[in-house]
Amino acid sequence: MENLLMGAVLSKFRTITSFAKAMEWDRKKASRIINRHQKPTANDMEQMARLLDIRDAESFVRIFLPSVPTMWENN
């Protein structure tokens with residue numbers, strides 16, 4: 001499964017370290033969330049969406065909830 005969150009983070013911040021600083025997190029937490037080893041809280045997702053300029057519901061679901069099927073997917 002493609003990691004759209006990692007793509008969004010690295011396209012805007014270039015490194016996990018700079019993303020972590022912008023989020024006011026330590027690098028380990030940022031890495032665990034970006035690599036999908038830890039689930040972000042609802043507040044984390046909201047903060048990341050603002051920081052990554054994710055404004056529409058479809059993009060939000062695709063990036064933060066990749067295991068949730070949507071009506072837009074091809075079966």
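Modeller: What follows sets labels against cut-offs. Keep in mind that this is a predicted model.

Biologist: How many salt bridges does a search of the whole structure find?

Modeller: The search finds three.

Biologist: What makes Lys29 and Asp44 a salt bridge?

Modeller: The side chains of Lys29 and Asp44 meet at 3.6 Å, N to O. The cut-off is within 4 Å, from a side-chain nitrogen of Lys or Arg to a carboxyl oxygen of Asp or Glu. So the pair qualifies. The partners come from distant parts of the chain: Lys29 in helix H3 and Asp44 in helix H4, 15 residues apart.

Biologist: Why is Asp44 called buried?

Modeller: Its relative accessible area is 8%. Buried means under 20%. Asp44 is therefore buried.

Biologist: What about Glu46 and Arg50: what makes them a salt bridge?

Modeller: Their closest N and O atoms are 3.0 Å apart. The limit is 4 Å, so the label holds. Glu46 and Arg50 sit four residues apart in helix H4, which means about one helical turn between them.

Biologist: Why is Glu46 called partly exposed, and Arg50 exposed?

Modeller: Glu46 has 42% relative accessibility. Exposed needs over 50% and buried under 20%, so Glu46 falls in between. Arg50 has 57%, so it counts as exposed.

Biologist: How do you know that Arg55 and Asp53 form a salt bridge?

Modeller: Their side chains meet at 2.6 Å, N to O. That is within 4 Å, so the pair counts. Arg55 is exposed at 73%. Asp53, at 45%, is partly exposed.

Biologist: On to the helices. Which residues of H2 are buried, and how do you know that they line one face?

Modeller: Ile16, Phe19, Ala20 and Met23 are the buried residues of H2, which spans residues 16-23. Seen down the axis of H2, they fall within an arc of 100°, so they line one face of the helix. Their cover includes helices H1, H3 and H4. Just after H2, Glu24 takes a positive phi of about 60°.

Biologist: What are the buried residues of H1, and what arc do they fall within?

Modeller: Leu5, Ala8, Val9 and Phe13 are buried there. Down the axis of H1, their arc is within 95°, so these residues also line one face. H2, H3, H4 and helix H5 are among what covers them.

Biologist: What happens at the start of H1, and just after H1?

Modeller: At the start, a side-chain oxygen of Asn3 reaches to within 3.2 Å of the backbone nitrogen of Leu5. Just after H1, Arg14 takes a positive phi of about 70°.

Technical notes:
Residues numbered from 1 in each chain as written. Predicted model: local features only at pLDDT ≥ 70, side-chain atom pairs only at ≥ 80, totals over all residues. Heavy atoms only, no water. Buried < 20%, exposed > 50% of the residue type's maximum accessible area, 1.4 Å probe, protein only. Helix = DSSP H or I, 4+ residues; strand = E, 2+ residues; numbered from the N terminus. Arc of directions from axis to C-beta. Contact = heavy atoms within 4.5 Å. Polar contact = N/O pair within 3.5 Å; in protein donor to acceptor, adjacent residues only side chain to side chain.
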